[in-house]
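Good morning, and thank you for coming. I shall speak about the pockets of one protein and about its ligand. Please look at the structure first.

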Amino acid sequence: MAELSRTSADHLKRHIQSFVRREGRLTPAQKRALLTLWHVYGLGTEEEFDADQAFPRKAPVILEIGFGDGGNLAEMALSHPEFNFLGIEVHRPGIGHLLQALDKNRLSNVRVFCLDAVEVLKKLIRDHSLQRINIFFPDPWPKKRHHKRRLIQPDFVTLMAKKLLPGGILHLATDWPEYAQAMQDAIATCPQLHPIQASIVFPPRCITKYEIRGQRLGHVVTDLTYINHVDSCL
Ligand SMILES: C[S@@+](CC[C@H](N)C(=O)[O-])C[C@H]1O[C@@H](n2cnc3c(N)ncnc32)[C@H](O)[C@@H]1O
């Protein structure tokens, strides 16, 4: 009986998701890419992620969460074969789009999860295993009553810090000034993350699809970059 009540309580505690699953329309090419290339680039949910097994070459791992159509991820992976790249996205048309780019450029340094990033970080990524975490233009959820859906929250920041290597980098970008402030407030709750200048972060990010849309609307972009000093929290 106690076991039963605990299970239902755990079920109720399921976290509020930062996305709404809108499948959208898969183009025939995206559908084909998902069918024929997922076995090459896609990762499953069964086992903890092991970079040495997943990539043909040993290299520091850069994670991008919510990569959208994968433009930045493919570009960075193409320009920087000295890194391995891991992407997490829930939007299948975007994943299909990325797989097409990876195949076209014969890239072997990218692997992808099609899952909620919160679950992946909690269950499938080892502590102190990532060189960098990138989150570019996460959904701003502008209405106050939706702020709880924002991905960047204190608990998630602490989780990300735990996954970074000592000296690892957290790089966020947003074109929503109020979210930029909320991100800084959330990160301030984790004293092991220290701000650094975005211009010294290597490799640099590329302009993303969502950023181009923001630029058209006259939005100002804020990049937030932090280095992980392990000894202060956790
Ligand atoms: C506003 S879009 C930005 C896409 C891309 N980074 C860009 O700048 O063009 C945010 C993306 O994050 C993804 N996303 C939101 N929450 C997520 C989560 N918990 N796990 C994985 N992906 C998520 C959404 O599906 C969406 O594609």
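On a 1 Å grid over the protein atoms alone, a pocket is an open set of points where a 1.4 Å probe fits, with protein on both sides within 12 Å along at least five of seven lines; a lining residue has an atom within 4 Å of a point. A volume is the space filled by probe spheres set on the points, which are joined across faces, edges and corners.

This is a predicted model, in which local features need pLDDT of at least 70 and side-chain atom pairs pLDDT 80 or more, while totals for chains, interfaces and linings use all residues. Residues are numbered from 1 along each chain as its sequence is written, and side-chain values use heavy atoms, without hydrogens and water.

The largest pocket has a volume of about 1100 Å³. Gly66, Gly68, Glu89, His91 and Asp139 are the closest to its centre among 37 lining residues.

Let me turn to polar contacts, that is, pairs of N or O atoms within 3.5 Å. A polar side-chain atom of Thr208 is 2.6 Å from an oxygen atom of the ligand. A nitrogen atom of the ligand lies 2.7 Å from a backbone N or O atom of Phe136, and a ligand nitrogen is 2.9 Å from a polar backbone atom of Ala117.

Finally, the second largest pocket has a volume of about 290 Å³. Its lining comprises 15 residues, with His15, Val118, Gln153, Asp155 and Phe156 nearest the centre.

Terms used:
Polar contact = N/O pair within 3.5 Å; in protein donor to acceptor, adjacent residues only side chain to side chain.
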